[in-house]
Amino acid sequence: MGAPLDLFAAASSEGAWTVSEVTRRARAVIEAGLPPLWVRGEVTGFKAWRSGHWYFSLRDKFSQIRCVMFRDDNRRLPSPPPEGTEVFAFARPGVYEAKGEFSLTVKELLSTEQGGLWKLAFEKAKAALLKDGLLDPARKRRLPPFPRRIAVVTSPDGAALRDIEAIITRRWPIAELVLVAAKVQGEGAEASVCAALARLGKGKLDVDLAIVGRGGGSAEDLWTFNSERVARAVAAVPVPVISAVGHETDVTLCDLVADLRAATPSAAAEAATPDRVDVLAFLGQLGERLARGLSQRAQRTVDRLDRTGDRLAGAMQFRLEQSRALLTAHSARLDALSPLKVLARGYAVARDEKGRVLKQVKQLPAGRDFKLRVTDGEVDARVR
Amino acid sequence: MPEFGEQLERLEAIVRKLEAEELDLDEALKLFEEGIERLRAAREQLTQAEGKVKKALKGDSSGR
């Protein structure tokens, strides 16, 4: 037995509380008694409405609470929490008066697993990409050594574009840059980047290389490049893609799928192009090789001519020696026939002053002067 | 004007051919002349080019 039931306690003037009065009172009591707090529980019955608001329950072994997370709060999250994930929710307890329902208005949501929801969503998307072979190193395409037209998918007024433009102007000015503008952060960025990447496949742009990226940013700002949709759009680009998301430490999904990851947009521009100075030096070398090639070819002709000349000279020499031997033989025979030989045997020839040979007695009257040729010379003589 | 990459590829092929093959002197001379011409054109391309950003497309279709 307790105190008698006070039928009129806290009653309104009409004698009973209205539903609204009760719910309003309950809400006031709860909001006063339960300040915003961290709640730990398992996500169940998740539903994302077209409005962008999320509805779900958190439960443990014995109880569950309805939760709402409004669009402005859930927008920063990488993905909805998968069913059954254990999470920490920072929430404001309250009563939804229209339904008289006790609920939590969730402001923040973290996975209890290492790294939270971000990590979870990243790993999930990564696994999906891996399964589809998009992370296969064999997929990586070689960058064109001398790019002709480079598409840059980024914000038209970001630092990334200026950096890329400055470096390519210095290193490889014969390339044309084609800006394909995209919103790289905030609401709609994912769709915008995907649409820009899809344009690259349309052929009209006629590019042979693409750089997609942005300058540095917070982890949340980089989320666009951790979207599975963007990663798949990168993989679908028909030309090699350099990812330049401008974050030294975090590797994004976009980085993993791209043909090359650059830490910054500047590094991407460096990787995309050869340096004009180096190429000019290489051209110089080619010029030297060209000249040497020709001169060596010409030298071979000269050498061949020389060799031919040598053979000719050799042949001439042989003929000359042959002739010389012949000459010697002939001259020996000639020598044998020579009148000088006769003289050598003791004969002498008498000739007059004009050189006529005096062969008969009548040509040699007494007192006649004549010349007598003997083997080693001539002497003057007179007939007695 | 041919694309720079193609230009350079042809130039390298000419040099290799000239260095390696036993060509007619006539043919060698022709290749040499072609090589010199391509070299000149490639140098000119590199030294006269102006880097330019072609803003080929506007922002995304959502208009933001």
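Which side chain does A:Arg214 join in a polar contact of 2.6 Å? In this predicted model, the partner is the side chain of A:Gln185. A:Arg214 itself is found in the loop between β8 and α6 of chain A. Its relative accessibility is 6%, and because buried means under 20%, A:Arg214 counts as buried.

The buried residues of α5(A) are A:Ala189, A:Ser192, A:Val193, A:Cys194, A:Ala196, A:Leu197 and A:Leu200. An α-helix has 3.6 residues a turn, so residues three or four places apart point the same way.

Strand β5 of chain A, residues 101-111, pairs with β3 and with β4 of the chain. With strand β3 (residues 64-69), β5(A) runs parallel, and three bridges join the two. With strand β4 (residues 86-96), the pairing of β5(A) is antiparallel and extends over ten bridges. A:Ala91 has A:Val106 in β5(A) as its bridge partner. β4(A) and β5(A) form a hairpin, with four residues between the strands. In the turn of this hairpin, A:Gly100 has a positive phi of about 60°.

Over all chains, the structure holds 29 salt bridges. One of them is formed by the side chains of A:Glu42 and A:Arg59, with an N to O distance of 3.4 Å. A:Glu42 belongs to strand β1 (residues 37-48) of chain A and A:Arg59 to strand β2 (residues 54-59) of chain A, so this pair ties together parts that are 17 residues apart in sequence. A:Glu42 counts as partly exposed because its relative accessibility is 28%. A:Arg59 is likewise partly exposed, with a relative accessible area of 36%. Elsewhere in chain A, a network of salt bridges links A:Arg71, A:Asp72, A:Arg75 and A:Glu187.

A salt bridge is also present between the side chains of A:Arg289 and B:Glu19, at 2.8 Å from N to O. A:Arg289 lies in helix α9 (residues 276-337) of chain A, while B:Glu19 lies in helix α1 (residues 4-20) of chain B, so the pair joins two chains. A:Arg289 has a relative accessible area of 27% and is therefore partly exposed. B:Glu19, at 32% relative accessibility, counts as partly exposed.

Within chain B, the side chains of B:Arg10 and B:Glu34 meet in a salt bridge of 2.9 Å, N to O. This pair links distant parts of the chain, as B:Arg10 is in helix α1 of chain B and B:Glu34 is in helix α2 (residues 25-48) of chain B, 24 residues apart. B:Arg10 is partly exposed, at 32% relative accessibility. For B:Glu34 the relative accessible area is 26%, so this residue is partly exposed.

Methods
Residues are numbered from 1 along each chain as its sequence is written. Chains are lettered from A and ligands numbered from 1 in the order in which they are written. This is a predicted model: local features need pLDDT of at least 70, side-chain atom pairs count only at pLDDT 80 or more; totals for chains, interfaces and linings use all residues. Side-chain values use heavy atoms; hydrogens and water are left out. Buried means under 20% relative accessible area, exposed over 50%, partly exposed in between (1.4 Å probe, protein chains only). A polar contact is a pair of N or O atoms within 3.5 Å; within protein, one must be able to donate a hydrogen and the other to accept it, and residues adjacent in sequence count only if both atoms are side-chain atoms. Two strands pair if DSSP finds at least two bridges between them. A salt bridge is a side-chain nitrogen of Lys or Arg within 4 Å of a carboxyl oxygen of Asp or Glu.
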